[in-house]
Structure formats: structure tokens, C-alpha cells
Amino acid sequence: MENLKECYWIIKRHIYCKKLNYFIIVLVMTLGIMSLGSCKKQVPQKPNFVFIFIDDLGYSDVGYMGAKYYQTPNIDKLASEGMIFTQAYANAANCAPTRASLLTGQYSPRHGVYTVGRSDRGQSKDRRIIPVENSRTVALDNITIGEALKAAGYKTAAIGKWNIGNSPDKQGFDVSFSSDSLGFRNGHFDENGEYLADRLTDEAIKFINDNSDGPFFLYLSHYSVHTPIEAKEELIKKYQTAEPDGCHNNPVYAAMIENVDESVGRVLNTLDDLGIADNTVVVFFSDNGGYGPVTCMDPLRGAKGMYYEGGIREPMAVKWPVRVKAGTVCESPVIGLDFFPTFMDMAGATIPENKILDGMSILPLLLGEKSVDRDKLFWHFPAYLQKYKGGMEDARDTLFRTRPVSVIRKGDWKLLLFYEEWMLDGGEKSIATNNAVELYNLAADIGETNNLATSDTIRRNELLSDLFKWLKDINAPLPGEENPDYIDKK
Ligand SMILES: [Ca+2]
């Protein structure tokens, strides 16, 4: 700049032509603006990722999704500073498969983790077919999002619930803490009375502080608000005197949610204090529907373990100040396994060779596009989940939260295919009467009360055909045999 000024005055002293004088003034101003611009230009920097995963938090269990009894000011603030998703789906209706799909970016038939523990839950005499055997472990050679981001130069941490076998350090995470490694062996309190969600938050904040130069990927996977339903006394007291709101009425559960909310606030404050909030992507998400005996997902049908919307549709919000406009809402359906390709996209990272990713980058949605080029989502759950004591009002039958089922969502339509009736009651030939298929129009019937399988047969057949094509393409194992122990009570 100084050189330019000097140059200008020298020229000015020697030239008296007015026109040329104006030309030089404009020239110098233009050069000045250009040099200022180049000072501001930043070297592109990879964003940090903070993925906050809550266990068993229901669709309407946070303030910004309509909860009145539960208090979540920090989560609501996070949501207001980013984009809220109204149709965000878990990969499965319970913990392990949803995590296996999130971390691998793949639908369940590719990794084989369909459920938690055994696939033949409940009593054998009540199960009509033999379910598909479950894997409790994601294979080590399946590249996780941790491994992919680590290869892209990220420092990675898995803090909290893991649930997919092996240990996070074998699947691409530099730092990891589980409840066991932190000394929490019997629920949410340790022997000194420390609360697990607080301790996980301490570890998360330490990791952020240690890696504030970035880029980092923090997978903060809370055990809250999963059973046992336990919370700190001082928080419980507050809700014992608060006004309940319908089925949102459990003070201990509400206190657990508030504790998680405090954790979110502490993490966000840390990012602010370090001055790294602007280029940090913060995701708030839940792994499956709320636990039926303590909460409800109104206006959705069902709860954790069911494949109605209440079991799989989740509260989700994404904040990324430099790219995502605050106060925005996206109504396009997205699913947990989209985060693997989305983070790779945001980081400008290359997807590892031969890695199959079933989701797609939702970055265009975050930047304001209305939809992505995809019209179908799928779930494959060839297993049984036994009933709970309570919270079973919305289930298909009284003995199981779900029986083996596959699901397709296409546009506004959703079809559930139940294998017991399909396999043993005449399949497609008897589809008008065997109750193997349920079809809902979610745009008109978000509560899945009006089964259109026998009235809109064209739509039903279209979705059924799409579902079978997907099952075949992905080589999904189907339940194969009748269960000899089954006792027909009809
Ligand atoms: Ca869960």
C-alpha cells in the first residue's frame, strides 16, 4: 500500500492532465481494494465435527420439537442457530443396529448387526418363524467414519456408548472412553456419586481443548436417556412440582433430559470460548425412539423398538455458522447413515476406495436445497423385540414391540412388510386378507392410523416391488423357516 501511495504522488506531481489524474485515482483505489481483499482471503480450513448422539430420546422430547414439560434451553438454542430436520430417521428402532449403520454408513444387511443381543427375543412359543441370526460386531475391515476422517487428517474421539463390538481404537478413534473405562458399572452414577453424562461431557471438553487447532471429530455418544431412568436429586425435585404435559410426566426422565441439555450447553460454550464455533459442525441427534414406558412420541405412533414413526423418527438439528443459515427448517427425509458421506463432503475428503456408502450427502439440504436426488429409504429388521411392561398401546400386537419386518419409505408413503404373515399366510396371493402389509400416507396421516394396504393397491404393489428389489440388490437375508415351538392360540 505504501508503495502504491508513493507512486501516486510522484505521478501526480509530474502530470497535470486532469483526465489522467482521475484515471490514476481510480486505478489506485482499485488496487487498494484488491490488496485489502487478498488480506482477508482465508486458506480453506476443514470444519470440526461434534456429533452429539442421545440414547433413546424421543421425537418430541425436546422443547423445539414441542415438549412443554421437558426443559431443554441449550438444545433449543443450538437448533435455533442452525437447521432443524423434521423428518430425520434413525437407521433402526434400537441401539446397536442404528449405531452400526451410522458408523459404517451402511444399511444393516451389509454389516449384519440387526438388533441388540439375540434376534429371538420373547418366548419361543409366541414366535411363528425363525429370525435371522444377529451379529453383535461390526467387522474390523469395514471402514468406519472414524477411520475415514482420520485418514483425512482428523483427530478422532469416541466418548460414551459404542455398542458395536471391538473397541473404538480399533475402528479409527484416537481417543475413547466408555462407561466401563470411566468406572461407571451400575448405571448413571459411579460409587462417588458422579453422574455419567457429566463425566462424558468433561472428557469431551478435554478432547476439544486438546485439539482446538483442529480438525477434529468428536463422537459424543451419551448413555442418557436410556434405562435405568436415574437422575440427580436436585433436578428431579424441580420436575416433581412442574405441570405434567400428557404422557410427558416422569420427573426422573425429565431430569435426565435436562442433564443432557446442560451437557450440550457446556460443549457449545467450550467451542465459543475457544473461538472455533464458526467452523465447527454440531449435530444433535437421537439413536431411536423414546422408551415407551416413560415417554411418548405424540403425534407419532409407537416408541423404541417399533417401526412406526415413533420408533425411528428423531429430533435432529445441525449447526454450522459459516455455511448453514440459522433458523432454518428442512422437511426432506434424511437418515443416520447419511452422515458418513455428508461429513466426507464437508471435509472435502475422498471416500476410501471400494467403500460402499448407502446414504448420501445432505450438504445440499443444509445449504438450502429443498431435496436431494433420492426418493426411497429402507429398514430391514428380521428379528423379534419382546414387549415392554407399559408403553405398548401403539404396538401391532400385545406380545412384541415388533416382529420381523422390512420397511420402505417412498415420497410421502410408507409400507411395512411383516414376514410372519407374508411367509405363512399365503404371501402375495392372500395379500388382501393376510395382514402382511401395512401402507400409510405420512403426509395425510402422520400417526399411521389409517392402513391403506387394501384400498390403494396400486401404491401398495409399487412400494412392495421396490422393497423386494432393494432386498434382492443388497442381498438381505430373510427369515427362512417356521418355528416348530410356536403354539397357535387362535
Ligand atoms: Ca437407543
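**Charged pairs in a predicted model**

Biologist: Hi! Is D375 buried, partly exposed or exposed?

Modeller: D375 counts as partly exposed, at 41% relative accessibility. Keep in mind that this is a predicted model.

Biologist: Which residue forms a salt bridge with D375?

Modeller: That's K376, and the closest N and O atoms of the pair are 3.2 Å apart. K376 is partly exposed too, with a relative accessible area of 26%.

Biologist: Why can side chains pair like that at all?

Modeller: Side chains of opposite charge can pair when their charged atoms come close.

Biologist: Let's pick another one. What does D56 form a salt bridge with?

Modeller: Its partner is K304, with 2.9 Å between the closest N and O atoms. D56 sits in the loop between β1 (48-54) and α3 (73-80), while K304 sits in the loop between β6 (280-286) and α10 (309-312), so this pair ties together parts that are 248 residues apart in sequence.

Biologist: And is K304 buried or exposed?

Modeller: K304 counts as buried, at 6% relative accessibility. D56 is buried as well, with a relative accessible area of 1%.

Biologist: New topic: how do D120 and R127 meet?

Modeller: Their side chains meet in a salt bridge, 4.0 Å from N to O. R127 counts as buried at 7% relative accessibility, whereas D120 is partly exposed at 23%.

Biologist: Last one! Which residues are linked in a network of salt bridges?

Modeller: You'll find D55, R99, K161 and D287 linked that way.

Terms used
Residues numbered from 1 in each chain as written. Predicted model: local features only at pLDDT ≥ 70, side-chain atom pairs only at ≥ 80, totals over all residues. Heavy atoms only, no water. Helix = DSSP H or I, 4+ residues; strand = E, 2+ residues; numbered from the N terminus. Buried < 20%, exposed > 50% of the residue type's maximum accessible area, 1.4 Å probe, protein only.
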